[in-house]
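Dear colleague,

Here is the structure I said I would hand over, and my notes on it follow below.

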Amino acid sequence: QDLMETGRAFEQTGNFQRAIATYLSIDLATAQNTRNLEDAMDRAVRLAAQNAKESYPDVAGAAAERLRSAELYLAAAPLFEHAQKHREAVECLAAAEKWSEAISLAQRHPRTRELVPRLEEAQRQSLVGRNDERGLLESGNALAVLDLLARQGEWARCLETAKKQAPQKLPHYALQNVKALMKAKDNIGAAAVLLQYELPMSRDNQTAELCSLLARELLALPSNVAKGASAKPETGGRDAYGLCRDALIHLLDPHAGPGSFGAGPLRDRSVPLVMAFGKSIWTAHLLHTRLRCEEAQMGSLSTKQAIALLRYCTEFPVDRAFFDAGMVCKREGWMDMAFLFLNRFLDIADAIEDPDTAQIDNADFKDTDIPSPFEVELPESNAIDKETREQTKNLVLNWGVDSSVSDAKERTSRCDNCGEEVYEAACTCPVCKHESDPCIVTGFPVKKQTRMECRSCGSAANSPDWNVFVRSTGQCPWCGSQADAGT
């Protein structure tokens with residue numbers, strides 16, 4: 001205060017240079033607080049502007065240094081600018097985290113333009129550190145906002161923000177969301193994201209491999225768990241199998257839903273993604289449709305679907321595939337097929353228990369399109385509990401002494417192309433190699449004399465099975481569009 005009074009005394013006597021020098025000699029310690037320091041520097045600058053204009057730049061620069069040393073950056077910045085010390089002014093604005101002003105000032109002067117990239121990065125880091133989403137967006141740092149939201153697990157907001165602010169990055173963040181959900185064991189949620197967004201297909205096939213793993217996890221779900229997924233809001237009422245089918249179709253063609261992507265394109269093996277996911281889509285479709293048929297008590301269709309699913313037993317637990325097929329055949333009174341499938345189920349169950357001594361004879365299935373045991377990766381554990389396996393073993397042993405059951409072979413029908421009698425569920429003739437479309441209702445081969453196609457998606461079906469399904473549901477089993485029997 002003594003120096004302030006001295007300065008004012010010099011002012012009153014008109015000794016402005018001495019007054020300015022006195023005010024500039026005051027530092028934070030002398031002033032005792034920042035308010036007094038700012039007042040002293042303000043007096044020095046005003047006196048110079050009014051009474052010592054030739055020394056104004058030097059006075060402004062000296063006052064700015066005093067203020068900066070006291071960390072009064074916002075007060076120092078304009079004085080540095082008046083002193084033509086633009087770099088120092090920019091640094092003060094940056095220190096006060098006035099990023100827009102600092103960047104704007106740096107851009108206006110040639111000697112400070114080189115600071116702009118560093119300032120922009122410092123601004124981004126500062127805003128990220130404060131979780132300042134609005135500030136990041138206003139400063140054009142949309143990607144930083146997306147990274148921030150992703151790290152916080154705010155995936156819904158992340159994807160919505162990406163859609164609005166950086167649509168070109170939406171596939172990337174959708175993929176990261178899928179990975180995060182799978183890591184958290186929320187495969188239903190991951191499939192729902194896959195269905196809603198387009199994922200980037202990388203050259204190293206990482207996306208395809210991730211989606212393949214996701215499909216295997218969903219297809220391995222027991223039917224009761226898969227059915228329960230329909231209660232989750234993100235599935236749109238789909239069970240896990242239906243969600244898996246639609247999500248994989250979306251992966252193949254992000255711009256087409258099941259209604260515009262029929263089953264026909266899945267025969268095109270020249271398309272890499274069809275090769276990668278065609279079997280999984282058919283597996284998911286048949287598992288999903290079988291759930292619907294079981295619920296609607298369409299037992300004969302459900303039985304055919306379970307049998308057709310054996311063609312895709314590389315895509316979901318093979319022991320469950322043969323067990324389900326055998327049990328529904330037993331329920332329908334198809335004892336010959338039940339014996340074949342349950343006998344194979346027991347062989348597989350034993351192989352899972354003791355893979356080192358497993359020997360599975362494939363003679364009964366060599367003329368079918370069911371994968372051989374050497375093509376199937378055995379699960380690490382049995383899908384069917386031990387008590388049920390023992391009951392099944394006793395059942396098969398009893399059948400084994402009944403020649404009317406144990407001597408039976410798989411059911412056959414004539415190949416449309418060569419006329420040979422072949423396994424009735426085979427879509428590939430073992431004789432002429434002719435390939436038939438799988439029926440979208442049952443998975444059995446579509447026959448020429450009973451072939452019909454959905455008017456909406458063009459997918460093929462055998463008309464008797466189509467009519468049974470459509471009379472009950474009123475829908476095409478593939479695309480869900482409204483349908484009539486006999487069309």
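Among contacts in the protein between residues at least 6 apart in sequence, what percentage join residues at least 24 apart? The figure is 51%, where contact means heavy atoms within 4.5 Å.

Please keep in mind that this is a predicted model, in which local features need pLDDT of at least 70 and side-chain atom pairs count only at pLDDT 80 or more, while totals for chains, interfaces and linings use all residues. Residues are numbered from 1 along each chain as its sequence is written, and side-chain values use heavy atoms, with hydrogens and water left out.

The protein has 24 helices and 4 strands (DSSP runs, H or I of at least four residues for helices and E of at least two for strands, numbered from the N terminus). Its radius of gyration, taken over C-alpha atoms, is 38 Å, well over the 23 Å that the globule rule (2.2 Å times the number of residues to the power 0.38) gives for 487 residues, so the protein is more spread out than a compact globule. Along the principal axes, the C-alpha trace spans about 130 × 50 × 35 Å.

Of the 487 residues, 49% count as buried, meaning under 20% relative accessible area, with exposed being over 50% and partly exposed in between (1.4 Å probe, protein chains only).

Two loop residues deserve a mention. Most residues other than glycine have a negative phi. Q84, in the loop between α6 (73–82) and α7 (86–95), has a positive phi of about 65° and counts as exposed because its relative accessibility is 57%. Q297, in the loop between α18 (272–295) and α19 (299–308), has a positive phi near 60° and, at 72% relative accessibility, also counts as exposed.

Best regards
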